[in-house]
Amino acid sequence: MLSDQIRAHFLDFFQQQGHLLVPSAPLVPRDDPSLLLVSAGMVPFKPFFLGLREPPQNRLTSCQKAFRTVDIEEVGNSPHHDTFFEMLGNFSFGSYFKEEAIQFAFTLLTGGFGLDPTRLHPSVHPSDEASIAIWQKIAGIPASGVVRMEDNFWQAGPVGPCGVDSEIYYDLGPEFGAGAQERPGNGRRFLEIWNLVFMDGEQLEDGTVRPLTRVGVDTGMGLERIAMVLQGKRTIFDTDLFHPILADFDARAQPPAELSGDQRLRHLRILADHTRGACCLIADGVIPSNEGRGYILRRILRRAMVSAQSLEVAGGLMPAVAVVGQVLGRQYPNLLEQSGVIADIFGQEEDRFGEAVARGLGRFQEIAKGATSGISGDDAFLLHDTFGFPLELTLDLAGALGLKVDRKRFEELLSAQRDRARSSRSRGQQESVQMGVPRNSFCGYDRLEVETEVLALLREGVQVASCAAGSEVQVVLAQNPFYSEGGGQVGDRGELLWEGGRALVLDSQSSAGGSGVQICRVDTGTLAVGATVTARVDPERRGGCASHHSATHLLNQALRVVLGPGVVQRGSLVAPDHATFDFSWPSAISNSALTEVEAVVNLQLRRDLVRSVELMSVEDARGSGALALPEETYGLQVRVVSFGDFSRELCGGTHLERTGQIGAVVLTGSRSIGQGLRRIELLAGLAAERHWQHQRTVLGEVSSLLKSNPSEVPERVVALQERARQLDRELRRIRHAGEGGTADSVRKEQVGSIVLMVEDLPHEMERAERRRHADRLLETSANGVGLLLAGAGMVITISEALVGRGLNAGTMAQAVCRGLGGQGGGNQQLGQGGIPEDGHHAALTAVRTILESALEEA
């Protein structure tokens with residue numbers, strides 16, 4: 001049975017049992033600071049289990065994307081450990097509990113999938129006598145046949161819903177292990193294929209557990225493991241979920257002869273798993289970085305790159321992106337939609353990896369040369385932290401030299417660094433209210449003023465009956481016209497009016513349960529629960545937000561028109577006086593492209609497109625071509641906002657009725673905000689008009705100072721810049737000629753019988769000047785080598801005496817530059833080339849190593 005069939009069979013079975021099919025949420029959790037990534041099928045449903053939100057139905061089923069790094073070191077060594085996996089699950093919120101959950105599982109495994117019931121071995125928590133009795137009743141398994149395990153207790157993260165569980169193990173057969181140690185929970189023979197969690201408590205931060213008001217069921221069956229069983233494979237890497245990816249790497253690998261078969265297999269498994277996981281992370285909006293989920297992505301990519309390097313895989317990781325799309329693209333179309341972005345990020349990370357290796361290799365060699373028994377954790381951390389040298393590569397290189405690495409100390413230093421980073425970061429804006437907020441309804445799409453009732457008042461999270469003048473309070477209105485901050489759009493402001501009183505609405509947020517909450521300051525009178533108030537939204541602020549929000553929709557589509565479908569929105573900020581738009585793109589946007597995008601946006605304003613709004617299911621919305629944020633979690637019914645035939649997006653924000661009402665849009669800038677991420681800043685409507693007025697004023701002042709017409713300003717500025725450069729070059733020439741080479745700036749060291757002279761030159765020094773400087777440097781030593789470093793440039797010069805001994809400056813420059821990811825060359829006495837600006841130390845180390853080798857050969 002193929003994996004697509006297994007997935008469909010599971011979901012069909014539970015739909016027949018009255019469960020509503022829910023699409024997978026993205027891997028990036030929403031509103032859950034306790035988790036970096038979705039690690040289980042129930043994570044998107046935590047608010048339902050905790051009673052913070054009502055589920056769309058009390059029985060749900062899903063195939064949820066999940067990612068875990070707890071056992072990342074086991075990937076490659078273990079036959080069934082992976083990072084990214086698909087979790088098939090069924091969930092109950094007060095509809096059924098232990099007996100029905102066990103009955104469903106046993107029926108599907110033995111009837112639907114045709115597994116031999118005698119090969120199923122359940123485990124339970126020792127205190128769970130009820131489940132033991134149910135297994136005996138349903139499956140005929142005696143109490144002695146049910147394994148009792150103390151760790152049969154499950155929770156999603158450090159806080160949240162939890163409960164005892166019953167795991168189901170499948171006996172793979174004696175060929176997987178026949179010793180006494182082989183038993184459920186231990187060894188390879190018994191494979192856990194399903195976990196049934198009986199949620200009845202909530203784990204709190206202080207470690208205590210309080211009962212849930214409504215018990216529930218959360219089950220999880222790993223698709224990869226059940227595929228391994230049903231397809232009769234020895235490992236998950238032999239299933240159709242992994243094998244095509246592994247086979248692609250195997251076909252492109254040219255490993256050295258000394259690599260054993262087990263080592264080759266381990267590297268292939270790492271490559272298959274980590275590229276699969278990296279593709280899914282990037283498709284869901286994760287970008288490589290040095291912290292948080294971005295660090296997880298960078299780590300698995302670099303582990304994969306170490307394996308690709310060990311196997312000498314032709315083409316590296318990028319060709320595997322298409323193979324992953326072939327395997328998972330039918331289930332997760334964003335993998336196909338984002339394939340270009342994924343490949344670009346793979347390529348960028350491979351380039352960074354090459355630079356990190358070049359920077360750190362010389363330092364590693366220095367450390368290894370002085371090591372007697374092993375490499376300390378401090379040195380391994382220095383390589384990782386300062387040079388970006390992956391720990392996995394340190395381990396591989398050290399192992400080849402017979403050296404051990406103190407990994408325990410390395411992990412201690414890495415953990416301490418992360419703790420410092422976490423403590424220095426703000427936790428961000430706290431949710432205004434967590435519990436106890438009554439439900440209300442938002443009516444602000446069509447009305448900016450409404451008469452309504454005060455349902456609740458809260459101060460510091462505690463409900464109060466009234467609030468006097470001069471106090472700040474959180475207000476919950478029955479009918480709420482204020483838009484709560486969300487979807488990138490800032491919250492509304494305005495006022496509440498009642499007989500004898502007034503309160504300013506300073507901000508609008510949402511409670512954990514989704515109710516709108518107004519943060520207010522009472523100006524006059526006393527505001528009380530039950531009072532009737534007039535809620536009035538600030539129309540200018542709302543109008544500015546609506547103008548900029550509609551403009552970002554047009555910009556999103558305009559970028560796709562000009563740059564291509566690889567553009568994917570990653571976020572936005574919509575304020576009344578400006579907006580920003582973040583999106584995935586691997587390189588800088590040219591001025592001409594930005595101008596074209598702006599023109600496409602403003603064309604839609606002149607077309608005066610009509611806004612339309614539809615409510616539909618997520619599947620129907622995506623099927624209709626509506627764009628959505630990849631990392632956003634949407635409900636079962638979504639709001640789709642369209643502007644004519646040009647733009648169509650999932651959006652809960654506020655908008656103008658026609659594009660012509662925006663007036664004008666100006667794109668004021670584009671910049672990088674991270675690897676593979678760009679941000680465009682824009683102004684719309686009145687803000688755009690004010691921008692033009694300011695620009696015209698500035699241009700008039702500049703043209704007056706230059707005594708020119710505004711149209712002549714660029715030409716005059718270019719002329720002034722060129723004159724400044726000429727004067728600067730002349731000044732430097734005079735200074736260097738007078739100094740004859742600043743001897744104090746030259747660092748000399750003895751490499752055997754050779755004098756190595758190193759000098760850092762001004763970043764902007766031109767190539768011809770570097771050559772003249774190199775010639776003057778050699779005049780101080782007849783047996784010397786000169787190394788001049790200037791920004792991203794390098795010059796090597798060798799005395800005639802050393803050329804006669806076989807040294808070649810051009811060959812040396814070529815070797816140094818290639819090792820640092822650049823290019824170089826030259827003749828016997830003079831070599832030059834390009835290196836990274838932060839590669840000066842690595843270049844010096846490489847030159848020193850080449851000279852030492854030359855002396856040894858001599």
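Colleague: Which residues do the ring pairs link into a cluster?
Modeller: In this predicted model, the cluster joined by ring pairs holds Phe 10, Phe 13, Phe 14, Tyr 96, Phe 104 and Trp 194.

Colleague: And how many aromatic pairs does the count come to?
Modeller: The count comes to 18 aromatic pairs. Take Phe 10 and Trp 194: their ring centres are 5.6 Å apart and their planes sit at 55°, so this pair is tilted.

Colleague: Where in the chain do Phe 10 and Trp 194 come from?
Modeller: From distant parts: Phe 10 belongs to helix α1 (residues 3-16), while Trp 194 is in strand β8 (residues 190-203). The two are 184 residues apart.

Colleague: Are they buried or exposed?
Modeller: Phe 10 and Trp 194 are both buried.

Colleague: Switching topic, at what angle do α11 and α12 cross?
Modeller: At roughly 155°, with the axes of α11 (residues 339-370) and α12 (residues 377-387) coming within 10 Å. The two helices are therefore roughly antiparallel to each other.

Colleague: Is that crossing left-handed or right-handed?
Modeller: The crossing of α11 and α12 is right-handed.

Colleague: Nice! Which residues make the contact?
Modeller: α11 brings Ala 356, Arg 359, Gly 360, Arg 363, Phe 364 and Ile 367. From α12 come Asp 379, Leu 382, Leu 383 and Phe 387.

Colleague: How many of those are nonpolar, polar and charged?
Modeller: Six are nonpolar, one is polar and three are charged.

Note on methods:
Residues are numbered from 1 along each chain as its sequence is written. This is a predicted model: local features need pLDDT of at least 70, side-chain atom pairs count only at pLDDT 80 or more; totals for chains, interfaces and linings use all residues. Side-chain values use heavy atoms; hydrogens and water are left out. Axes are lines fitted to C-alpha atoms, for helices over the stretch in contact, and angles run from 0 to 180 degrees between N-to-C directions. Helices (H or I, at least four residues) and strands (E, at least two) are DSSP runs, numbered from the N terminus. Angles under 35 degrees count as roughly parallel, over 145 as roughly antiparallel, 65 to 115 as roughly perpendicular and the rest as oblique. A crossing is left-handed if the near helix is turned anticlockwise from the far one by less than a right angle, and right-handed if clockwise. Contact means heavy atoms within 4.5 Å. Ala, Val, Leu, Ile, Met, Phe, Trp, Tyr, Cys and Pro count as nonpolar, Asp, Glu, Lys and Arg as charged, and the others, Gly among them, as polar. Rings of Phe, Tyr and Trp (its six-membered ring) pair if their centres lie within 6.5 Å; planes under 30 degrees apart count as stacked, over 60 as edge-to-face and the rest as tilted. Buried means under 20% relative accessible area, exposed over 50%, partly exposed in between (1.4 Å probe, protein chains only).
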